[in-house]
Amino acid sequence: MSAGVPLASWKTQMFESLLGFLPDWVQITVLALVVLGFLTAWALKLKRRIAARRARRTGAPVPSGPSGADFLGPYAPGNQGGGAARSGDREPSGADFLGPYAPRREGGDRV
């Protein structure tokens, strides 16, 4: 007797609708890969948490490889001029540099 109420969760219904037409061995393989992915993510998260806890105890920095938005890799600016580059030697540029559109200063002191 059916009352029109689904007995399975929405996740099970999505899984069956996406993979229901495939053979059982494909369904089991996909399900195993999904479970393996979740377990791997959980293990990596646990590993990072343990490393952070150890680093706090010893006062060492948390070990992390060069990555993320701040890592420039081979695109990092280097010393391409041959000599020692100082911030005063370079031509001002970037988003904060207005160039000829900068407002004129009163007085004679230019930076």
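What follows is a short exchange about a predicted model and the terms used for it.

Modeller: This is a predicted model, where local features need pLDDT of at least 70, side-chain atom pairs count only at pLDDT 80 or more, and totals for chains, interfaces and linings use all residues. Residues are numbered from 1 along each chain as its sequence is written, and side-chain values use heavy atoms, with hydrogens and water left out.

Colleague: Why is Arg49 called partly exposed?

Modeller: Buried means under 20% relative accessible area and exposed means over 50%, with partly exposed in between (1.4 Å probe, protein chains only). Arg49 has 45%, so Arg49 is partly exposed.

Colleague: Why does Ile50 count as partly exposed?

Modeller: Its relative accessibility is 38%, so Ile50 counts as partly exposed. Ile50 is found in helix 2, and Arg49 also has its place in helix 2, residues 24–58. Helices here are DSSP runs of H or I with at least four residues, and strands are runs of E with at least two, numbered from the N terminus. The chain has 2 helices and 0 strands.

Colleague: How much of the chain counts as buried?

Modeller: Of its 111 residues, 4% do.

Colleague: What is known of residues 25–44?

Modeller: An unreviewed UniProt entry annotates them as "transmembrane region"; UniProt positions are given in the numbering used here, feature names are shortened, and annotations may be inferred rather than shown by experiment. In the model, residues 25–44 are 100% helix and 0% strand, with the end C-alpha atoms 28 Å apart.
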